[in-house]
Amino acid sequence: MAQASEQLIALLGRAFDGKAIRDVLAGWEVKRVAAPNGPLSESIVWIPKASVRIDVYRPQQLSKLTATAHAASADEWLIGSVELLAPGSDNRIKAPFPGPLPQGLSMQSTPQACIDAYGAPDLDEEHERPGFSGRVLAWRLQTANRAITFAGLGDDSVMIGYTACLIGCIGAWRYTQPEIFAP
């Protein structure tokens, strides 16, 4: 059986199903997964108990952003990204995602371990902005993009986010498609 992280990532592009997500996360005593809401074409579902964030989109919006047709009824929500988080990523997150990550990684993995697992990244940037100093590694993969965010630089860096997405993971591709991925 696939790890919980891999099961969640396998849901990318599919209709949001809170029960299926809850079943994947049941080992961490997740009893409820809120449904997406809001009048907009995108929404965020937070599952702080498991340190997970899921971004969902209406089919038309996801199709526009990915340049891929996503057949679904207009009132459905489709999963566009899955983020596995640790403290420092958002104030709702109090503990690191408790399970293993794909490719044998964990929330304790170093940037070099991530590069060893996925190969040379398509994006490797250090960021300094008010309240944050860190590094982002990102890869364009056939099935879904990956972006891994580290707080701190050098030997003091710690993973705070592992994102799998259909769109562009935190604007990682803003240089190649600025109309979609502008910061």
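A salt bridge here is a side-chain nitrogen of Lys or Arg within 4 Å of a carboxyl oxygen of Asp or Glu. By this rule, the structure has 6 salt bridges. The model is a predicted one.

Asp90 and Arg92 meet through their side chains, at 2.8 Å from N to O. Asp90 is buried, with a relative accessible area of 18%. Arg92 is partly exposed, with a relative accessible area of 38%.

Glu83 forms a salt bridge with Arg53, and their closest N and O atoms are 3.4 Å apart. Glu83 lies in strand E3 (residues 78-85) and Arg53 in strand E2 (residues 52-57), so the pair ties together parts that are 30 residues apart in sequence. Glu83 is also buried, since its relative accessible area is 12%.

Asp23 forms a salt bridge with Arg22, the closest N and O atoms being 3.8 Å apart. Asp23 has 41% relative accessibility and therefore counts as partly exposed. Arg22 counts as partly exposed too, at 28% relative accessibility. A network of salt bridges links Lys19, Arg22 and Asp23.

Now turn to the sheet. Its 7 strands run in the order E1-E2-E3-E7-E6-E5-E4, the sheet is open, and the pairing is antiparallel. Strand E1 (42-47) and strand E4 (123-129) stand at the edges. Each has a single partner strand, so one side of each is left without a neighbour in the sheet. Neighbouring strands are turned by 20 degrees against each other on average, direction ignored. Strands of a sheet pair through backbone hydrogen bonds, either parallel or antiparallel.

E4 and E5 pair in the antiparallel sense over 7 bridges. Arg129 has Phe132 in E5 as its bridge partner. The two strands form a hairpin with 2 residues between them. Gly131 sits in the turn, with a positive phi of about 85 degrees.

Further along the order come E6 and E7. Strand E6 (residues 145-151) pairs with strand E7 (residues 158-165) in the antiparallel sense, over 7 bridges. Ala151 stands opposite Val158 in E7.

What lies across these strands? Helix H4 (residues 111-118) lies across strand E5 (132-139), E6 and E7. H4 runs at about 10 degrees to E5.

Helix H3 (residues 59-66) shows two sides. Which of its residues are buried? Pro59, Gln61, Leu62, Leu65 and Thr66 are. These residues cover an arc of only 165 degrees around the axis, which puts them on the same side of H3. Gln60 and Lys64 are exposed on the other side of H3. Just after H3, Ala67 takes a positive phi of about 55 degrees.

The largest nonpolar core has 37 residues. Ile21 and Ile47 have the most contacts inside this core. What does Ile21 touch, not counting residues up to four places away in sequence? Ile21 touches Leu8, Leu11, Phe16, Val33, Ile47, Ile54 and Ile79.

Definitions and conventions: Residues are numbered from 1 along each chain as its sequence is written. This is a predicted model: local features need pLDDT of at least 70, side-chain atom pairs count only at pLDDT 80 or more; totals for chains, interfaces and linings use all residues. Side-chain values use heavy atoms; hydrogens and water are left out. Two strands pair if DSSP finds at least two bridges between them. Helices (H or I, at least four residues) and strands (E, at least two) are DSSP runs, numbered from the N terminus. Axes are lines fitted to C-alpha atoms, for helices over the stretch in contact, and angles run from 0 to 180 degrees between N-to-C directions. Contact means heavy atoms within 4.5 Å. A nonpolar core is a set of buried Ala, Val, Leu, Ile, Met, Phe, Trp, Tyr and Cys residues joined through side-chain atoms within 4.5 Å. Buried means under 20% relative accessible area, exposed over 50%, partly exposed in between (1.4 Å probe, protein chains only). The arc is that of the directions from the helix axis to the C-beta atoms.
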